[in-house]
Amino acid sequence: MAGAARFVQAHAGRMPGFASALPPAVAPRAAFVFTPTVPEFLAEGSVLLSDLIFPLLAALLAYLIGSLSFAVIVSRALGLNDPRQYGSGNPGATNVLRSGSKLAAVLTLLLDAAKGWLPVWAVGVWGPAHGLHEGTQALVALGAFLGHLYPVFFRFKGGKGVATAAGVLLGIDGWLGLFVLLTWLAVAVVSRYSSLAALVAAIAAPLAFLLADGAWWRADRWLVLAVVAMSALLIWRHRANIGRLMRGQESRLGSKDKSASPAGGQPGAGKSKPKPRH
């Protein structure tokens, strides 16, 4: 029997239909030999690439994009101090606004949102043609968001993720992102607390995503899990703000920090005037 099996292994590729002509005792082993054909093996390899490796690579690329801390980059480009060194210490648009530069704050807000929107939108548009569907889009969404929270390029000290989360939601569905942005804006205008607006929006995002499923958008389960995870992380990152809100010590939108004066620019910027002598 061992000799018959060796014969089958040696001649299987040369004789199509060989297994059907073998005795019953040998045919099962021959069928085992014939099962993993080369085309099938290559097909399984391509499935492995599209189902596992490509999604992980896409998520890694999204994380690297999210790791670009535009609060720090824009502040350096405009000659402002590092936003991690004043105010709340958070590298985000709200803290950059405390420097007094509205331009820096707006640029930070737009770029932080764009880095969340771009990879999610790109996977949604071009991913299906390459076998990348909602599961990959959910991974990419989390990758970009985690990159902002823990940026590898800035010693893993990132922001709280409000603008980036808004960009991610816009990438998932424009109506969903618009609803959450309007929710944030309404609370911020009424209360003048950016942190309170972010917390309300974080709670509203997964609820709206689930409740309006089928009416305004399609809530894929993986995307729902990604949105819930982002909301939970966003609330966790605001835990200090929650304490200050409860104590009535939270700073309102538009408040300035004297230590956020320009690092360069006009002569004497950021320096205190000498006291007159008496």
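UniProt positions are given here in the numbering of this structure, with feature names shortened, and such annotations may be inferred rather than shown by experiment. Under "transmembrane region", an unreviewed UniProt entry lists residues 52-74, 103-126, 138-156, 168-187, 193-212 and 219-236. The model is predicted, so that local features need pLDDT of at least 70 and side-chain atom pairs count only at pLDDT 80 or more, while totals for chains, interfaces and linings use all residues. Residues are numbered from 1 along each chain as its sequence is written, and side-chain values use heavy atoms, with hydrogens and water left out.

Helices (H or I, at least four residues) and strands (E, at least two) are DSSP runs numbered from the N terminus. Two of the segments listed in the record compare as follows.

A nonpolar core is a set of buried Ala, Val, Leu, Ile, Met, Phe, Trp, Tyr and Cys residues joined through side-chain atoms within 4.5 Å, where buried means under 20% relative accessible area, exposed over 50%, and partly exposed in between (1.4 Å probe, protein chains only). The largest such core has 32 residues, and those with the most contacts inside it are L169, I172, F209 and V227. Two or more residues of this core come from each of helix 3 (38-66), helix 6 (102-126), helix 7 (134-149), helix 8 (162-172), helix 9, helix 10 and helix 11. Taking contact to mean heavy atoms within 4.5 Å, and not counting residues up to four places away in sequence, I172 touches V120, Q137, F209, L223 and V227. A second, separate core has seven residues, among them L80, V96, A104 and A105.

S231 is found in helix 11 and, at 8% relative accessibility, counts as buried. Leaving aside neighbours within four places in sequence, S231 is in contact with A202, A205 and P206. The side chain of S231 also reaches the backbone oxygen of A202 at 2.9 Å, a polar contact being a pair of N or O atoms within 3.5 Å in which, within protein, one must be able to donate a hydrogen and the other to accept it, and residues adjacent in sequence count only if both atoms are side-chain atoms.

I73, in helix 4 (residues 70-77), is partly exposed, with a relative accessible area of 34%. I73 touches L68 and F154, again not counting residues up to four places away in sequence.

Aromatic rings of Phe, Tyr and Trp (its six-membered ring) pair if their centres lie within 6.5 Å; planes under 30 degrees apart count as stacked, over 60 as edge-to-face and the rest as tilted. The structure holds three aromatic pairs. The rings of W121 and W126 have centres 5.3 Å apart and planes at 80°, and the pair is therefore edge-to-face. W121 is partly exposed at 32% relative accessible area, whereas W126 counts as exposed at 53%. The rings of W175 and W216, with centres 5.7 Å apart and planes at 65°, are likewise edge-to-face. This pair links distant parts of the chain, with W175 in helix 9 (residues 174-191) and W216, 41 residues apart from it, in the loop between helix 10 (194-211) and helix 11 (221-237). Both W175 and W216 are exposed. W117, W121 and W126 form one aromatic cluster.
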